[in-house]
Amino acid sequence: MIAPLLALALISAPPTPTQAERTATLSDALDAFDALSAEDVDRVAAALDDAARGRCLSSLASLRVPCLQSELDERCGEEDACRRVGDVLITLKLAESTFVKTSERHRVLREAAVFRVGLRQATTRAHARLLTGLVPRARHCAEADRRCLATAIDAFCVDHAQQRGLSWHRCAAASVAFIGRRRP
Amino acid sequence: MIGGRTLALAAALLVVSAASAGLLLDGRRALETSSGDTLLAVGLVSVVVGTLVFRLFALGAPSASCFTLWRRGRLWPDETPLLTLGEHVLILRPSAGDAWDLSPRLRQLIVLAMTASLAFASLSDRALSLWGRAQNAFAPGGAGYCPADDDHIVVTGPRQDPGCALIRRAHALGYTQDLGPCEATVQDDRGPCRLRRVDEPMLHYAARRWVDALSSWRDLDLDADDAIGALRERAAAVGPSLSERRAVVSTAPRAAHHLFTTLPRPASPLLGGWPPPRCAETFGSLPPLAAGSPSDRLEHALGQLLFELRYLPPAADCREVHIHWGAPADACARAATLLDAEAREGLKALRQRATDRATVRRRPLSPLEHAFTVQCLVVEDEATPGLVRQPLALPGLSTSARTLTLPSATLAPGGEFELTRRLAELLSPGFRYHILLSEADAQAPRAAGTTSARGGLASLEVLERRDLYLHPPADLDDDARQALAEVYPFARHLANVVDVFRHHYLGQRGRL
């Protein structure tokens, strides 16, 4: 019974969102960050942090993703903005080691008074460095024009994925979270 | 207006101060640790040299030229403009005795200060010690005379200890014939003296020095046979060494890998034909997925595996890989006849280079099988992928040729992942890309089925652990393929495939 399922799974097509779908996803995520207060975003992030270190702790990313998503479902219920923000935060949680390398984590561990706070600051710095490349591309976008910003983020991250090696979804999540958390 | 000597002296003082400060970073400490001898030497050198410089260059005399800052205007013939500073111009003109100069005493003081600081920066206890020992190196060679004979005769008197007193008493009474060890001895500690004798004529001494010199040359310990043998060996290595160096300098190819394929030469080559004129530019950074004809796709996959500089080190140079387009399906069986004169010349050059290297480095001859290879890629419509090996005998080389058969779908859109993997297996014998070499997570495909339906960014996380080079996607339409090319983490999976392949390839194939 398991073998046919596995064989079916092996040939299942990978998720391949088109450019329009990607832009819509990013635009909705930016809107979701606008809709939630900073405290609510922090609360979702803290809940996902706890779950990632607790019941969703696993060396297999394929197990951690559905676990964190189910945690998000429990926390957010039907609230769409919460789920979209949580989706971005889950991606960033799984990409933590990509943005903050082991040596940097060791430095934070040595120097920061509270490791989680130091790690969050290091992650934010890494996201800020990434976004320096996005700024020229998004210069023409009005601040409230989330669609334009989402298109710029998508194009920037496609280039980044092909040239620099950072996956599109991780690049996009970092961009959205950095912009979304820094609202006027 | 300021006198030329004063200005030059001020500039020299600045330069010397800066140089001394650089040489002597911690002057106070150096002053405390210097010995009295060193300080005395510094003082003497600065006074003597400083006074000499002051006198020789007549630094105390009035300046013959002076520098003046004038407002712009007409210049006299003997005035030379040096620098324009806005409305003013700096000119150099002869001094009529009206130039301002420092007093001669002050100038002498400045010169002494400069020489003192230079001497202090350059002289130290160690330097003085080295100078003191340097005189030993200039010891007189042959200008001395042999000492007088008596200078080297040491007379040891009779021993005075109580035992000897008894023996001397016995000798005096006639009981013993000699004193034995108690007798006085005469020692001459002279070695052969080759200096001039006191009574030796000058011409005789000169002739004796010539004879000594000639005999010392004659006594050189030369084994003629060995020397000639060594010279012959070195002479024999000159040719190969020059040839080897010429090959290195001209960056001659260090390998020749021939790929015969049934695919036609691309009509409008994606990469500008083969071999590309500028390998590094062409293959510096390729798009992750190929486009164009099957031949273009083959070039693209080959470029990713062997040459792309995004993944280091490259496994080969473009000039070392030769694609023979439009070859028959049995090309590998007939490779011995299909290889043209250029290919045979390449093999000959490689063999010569291997021989040269072996001669120069005195090592066994490197085998050519890994540097000269023949592969074939046969593309058929409904073929089953397969790899066969056939023996290949070439002049001076006995090796084997490998043939990979692929269905044409592999070189169509969507077949890129399969093509890359199969081509890697063809190029590097024994290479097989499997899950233990990949970045794939065995659970990832199942997770893909559960998360992709949900959408969102996190669902794409499954791509990080899904290696399409292991399990290529089936039947992607153009839009899905384009979308996949944009979001799939090629930098993770393709980089891994290329890294693993090149590691294996350089152990199996590669270059001289």
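Trainee: What span should the 16 residues of helix H4 of chain A have, and how far apart are its end C-alpha atoms?

Mentor: Please keep in mind that this is a predicted model. At 1.5 Å a residue, helix H4 (residues 61–76) of chain A should span 22 Å, and its end C-alpha atoms are 22 Å apart, so the two values agree.

Trainee: Which residues of H4(A) are buried?

Mentor: The buried residues of H4(A) include Ala61(A), Val65(A), Leu68(A) and Leu72(A). Gln69(A) and Glu71(A) are also among them, as are Cys67(A) and Cys76(A).

Trainee: And what follows H4(A)?

Mentor: Gly77(A) comes after H4(A), and its phi is positive, near 65°.

Trainee: Which residue has a positive phi although it is not a glycine?

Mentor: Ala58(B) has a positive phi of about 50° without being a glycine. Most residues other than glycine have a negative phi.

Trainee: Where is Ala58(B) found?

Mentor: Ala58(B) sits in the loop between helix H3 (36–56) and strand E2 (65–71) of chain B. Its relative accessibility is 33%, so Ala58(B) counts as partly exposed.

Trainee: Back to chain A as a whole. How many helices and strands does it have?

Mentor: Chain A has ten helices and zero strands. Of the 184 residues in chain A, 48% are buried.

Trainee: What share of the contacts in chain A joins residues at least 24 apart?

Mentor: The share is 62%, taken among contacts between residues at least 6 apart in sequence.

Trainee: How do H7 and H8 of chain A pack?

Mentor: Helix H7 (residues 102–111) and helix H8 (residues 115–131) of chain A pack at an angle of about 140°, with their axes 9 Å apart. H7(A) and H8(A) are therefore oblique to each other. The crossing of H7(A) past H8(A) is right-handed.

Trainee: Which residues make that contact?

Mentor: H7(A) contributes Glu104(A), Arg105(A), Arg107(A), Val108(A) and Leu109(A), while H8(A) contributes Phe115(A), Gly118(A), Leu119(A), Ala122(A) and Arg125(A). By class, five of the residues in this contact of H7(A) with H8(A) are nonpolar, one is polar and four are charged.

Trainee: How do H10 and H16 of chain B cross?

Mentor: The axes of helix H10 (residues 294–307) and helix H16 (residues 490–508) of chain B come within 8 Å and cross at roughly 65°. H10(B) and H16(B) are therefore roughly perpendicular to each other. The residues that meet include Leu305(B), Leu306(B) and Phe307(B) in H10(B), and Leu494(B), Val498(B) and Phe501(B) in H16(B). The contact of H10(B) with H16(B) has seven nonpolar, two polar and one charged residues.

Conventions
Residues numbered from 1 in each chain as written. Chains lettered and ligands numbered in written order. Predicted model: local features only at pLDDT ≥ 70, side-chain atom pairs only at ≥ 80, totals over all residues. Heavy atoms only, no water. Axes fitted to C-alpha atoms, helices over the stretch in contact; angles between N-to-C directions. Helix = DSSP H or I, 4+ residues; strand = E, 2+ residues; numbered from the N terminus. Parallel < 35°, antiparallel > 145°, perpendicular 65-115°, else oblique. Left-handed = near helix turned anticlockwise from the far one by under 90°. Contact = heavy atoms within 4.5 Å. Nonpolar A, V, L, I, M, F, W, Y, C, P; charged D, E, K, R; others polar. Buried < 20%, exposed > 50% of the residue type's maximum accessible area, 1.4 Å probe, protein only. Expected span 1.5 Å × (residues − 1).
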